[in-house]
Structure formats: structure tokens, C-alpha cells
Amino acid sequence: MRHIAIGLEGSANKLGIGIVAHDDVTGKVEILSNIRHTHITPPGTGFLPRDTAAHHREHVLPVLENALREARITIKDINVICFTKGPGMGAPLASVAIVARTLSLLWDKPLVGVNHCIGHIEMGREITGAENPVVLYVSGGNTQVIAYAEKRYRIFGETLDIAVGNCLDRFARVLNLSNDPSPGYNIEQAAKSGKTFIELPYTVKGMDVSFSGILSYIEMIAQDQLASGECTPEDLCFSLQETIFAMLVETTERAMAHIGSKEVLIVGGVGCNLRLQEMMMQMVGQRGGKVFATDERFCIDNGIMIAHAGLLAFRTGFTTKLEESFCTQRFRTDEVYVSWRD
């Protein structure tokens, strides 16, 4: 039997709708469509919840139509509608959840609310073939070191303040870098031209990390030293990346040692960063292991990961009642009962 799910994602500035099919006989997962539209703001600015929600409302129907057209399916073929329940920004989450509820009522289809992080993990596992990895989840809103045990994704370490992606995004604003395609990507490109490493605070506390002090310190350096020519923007981007990625590699290695794993899976938008992947490969290679990562189609927020994770839960009998289909900005990874894994 073939099950088909449509997934709606809108927890931040990416609006994504994806359609996936699971084959019960072969176990094959087929991606039928993966459409995305990004809310891009002017250089030096971030994205506000109100404006981001307005973007999602404006573009959700064209994105939905494109996803259905590309998948070449009809409404009757769809078994379940999946949406991001949280975590994320309140207004954007709610704007997309309203669409999911409306479709559920119009099409008479069950709903499944999905944890955003679980979506990233399960999509990463499916695309890469990683079996039981330590997961480094790095994005604009989340930074966690995770491993699976006893039906839950356990958090071994996390940020104590801001996420690694938020740190990069906010520094990109200081340098007035473009938000197209993303501020983190433009920091990565600038870092390739950096020639001088500037020492920054290195804040690892056990298994946890902290980025807010590093951001404050490098903002101060940018204000004091860029105008005088003591350093370049490229030097600062290079130094910031090297420092914060080293912190993430350290905590990930400690988790690998603790659970005895030889695999690392990097998920989330920052996981696209090739320098982070390279540094992780150096560490994991020394331990005789392997790093798994995806490209921008799957590491950046998308609807297909919500459809896939939601369908995994749906096939075990899980659904979300309409009266319980609210969104929450705080929805921890380890709150989800992972019924589909042994």
C-alpha cells in the first residue's frame, strides 16, 4: 500500500510545502514535490514575525498549487496533512497551521502536528542512510547535540542562550551583508577570504555552548577595528566561524564517545555550511567514523521533512485532533515519543 502526505512548514522565514509517498511493500520513500518560498529582507535587517506571517499568507496558495502540480496527484490521493506544530516564531507558525486546518476540513483528511527538529532528523536519516548517529542540529533558532535512546531523541547538549544560526545572522547585520540567499551563506563566502585569525571567547560549559558573549565581543571588535583597518570583515567572518564551529565539534565528539557511535548527522540550515562539515569530518575521521549531511534542498527548512516525519507518525496510528492543532513556540525535541523507531 502507498501512503501520501503533504507537509506545510512555516516556522521562520521559509515557507515550504512538500509531498512524500511511502511504500509499505518496498519501504521506498519517494519525494513527489518540494516547493519553497523565502521571505528576504533588506541587508542589515532581520525578519519580524508579523511581516513573515504576512509573507506566508500571501504565498501559501501559489506554493500549494505548485506542490500539487509537481507531484501529479489529486486531493483524493492524499492520506494525511502534516504541519509544523513548533518550535518557531508564533505568528508564522499560526499562519501556516490555519491553512493546514482549513485543508483538513475542506478535504476531510486527518492532521498530524510535527516537531520541527524531528522533521530535520528524520529527513536527514532518510536522505543520507545514517542508522543511529549523533545528531548535530544547528539552525537559526536551535542548537542541540542529540542521540536516540528508548523511543526519544535525547538532548545531550544545547545552547544556553542564542542559536548558532542566530549568532551568524546577527553578525551579518553588523557587516550589512545581504540576506539573499541567506546571511549565514554570505558569511561563509566571506570567511573563505579571511587571512587573519582573531581570538574570540570560546564558551563550552560541559556539553552546552554559549554564543551571546562571542557575538557581543566580535561586534565590539568590528566597531573598533574595521574603520581603522586593523582587520577586515572577511577576517572577522573567518574567526567567528572557526571559533563557534570548533565548539560544536567538541561537544559532538564528547557525545560520540559517550554513546559509542561512529556516525554524525548534521541537520538544520547551518548544516549546509561546508566549513562546518569539513571540521566535523576531520574529527570524525580521526575516530574512524563517518559524517552525514544533506544539501540545501533538505537542510534548509522545507515542507518535505514535515510530510515525511508526519507520515512516519501517522503510519503508527498517531493523529492530531483539530482542537489540539494549536502551535507552540516551545516544543522540545525530547518531548516527542518516537513510536516508529525500535
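In the predicted model, Phe-197 has a relative accessibility of 45% and therefore counts as partly exposed. The ring of Phe-197 is paired with that of Phe-238, the two centres being 6.3 Å apart and the planes standing at 85 degrees. Because plane angles over 60 degrees are classed as edge-to-face, the pair falls into that class. In total, the structure holds 2 aromatic pairs.

Helix H7 (233-259) also packs against helix H8 (residues 274-286), with an angle of about 40 degrees between them and a separation of 10 Å between their axes. H7 is therefore oblique to H8, and the crossing of the two helices is right-handed. On the H7 side, the residues that meet H8 are Gln-241, Glu-242, Phe-245, Ala-246, Leu-248, Val-249, Thr-252, Glu-253 and Met-256. Their counterparts in H8 are Arg-275, Leu-276, Met-279, Met-280, Met-283 and Val-284. Classified by residue type, the contact of H7 with H8 comprises 10 nonpolar, 2 polar and 3 charged residues. An α-helix has 3.6 residues a turn, so residues three or four places apart point the same way.

Helix H7 is also among the elements that cover the buried residues of helix H4. Within H4 (residues 164-174), the buried positions are Val-164, Gly-165, Asn-166, Cys-167, Leu-168, Phe-171 and Ala-172. After H4 comes Asn-176, which has a positive phi, near 60 degrees.

When its neighbours within four places in sequence are left aside, Leu-68 is in contact with Ile-6, Ile-19, Ile-73, Ile-78 and Trp-107. Between Leu-68 and Ala-21, the separation is 47 residues in sequence and 13 Å in space, taken from C-alpha to C-alpha.

Key:
Residues numbered from 1 in each chain as written. Predicted model: local features only at pLDDT ≥ 70, side-chain atom pairs only at ≥ 80, totals over all residues. Heavy atoms only, no water. Buried < 20%, exposed > 50% of the residue type's maximum accessible area, 1.4 Å probe, protein only. Helix = DSSP H or I, 4+ residues; strand = E, 2+ residues; numbered from the N terminus. Contact = heavy atoms within 4.5 Å. Axes fitted to C-alpha atoms, helices over the stretch in contact; angles between N-to-C directions. Parallel < 35°, antiparallel > 145°, perpendicular 65-115°, else oblique. Left-handed = near helix turned anticlockwise from the far one by under 90°. Nonpolar A, V, L, I, M, F, W, Y, C, P; charged D, E, K, R; others polar. Phe/Tyr/Trp six-rings, centres within 6.5 Å; stacked < 30°, edge-to-face > 60°.
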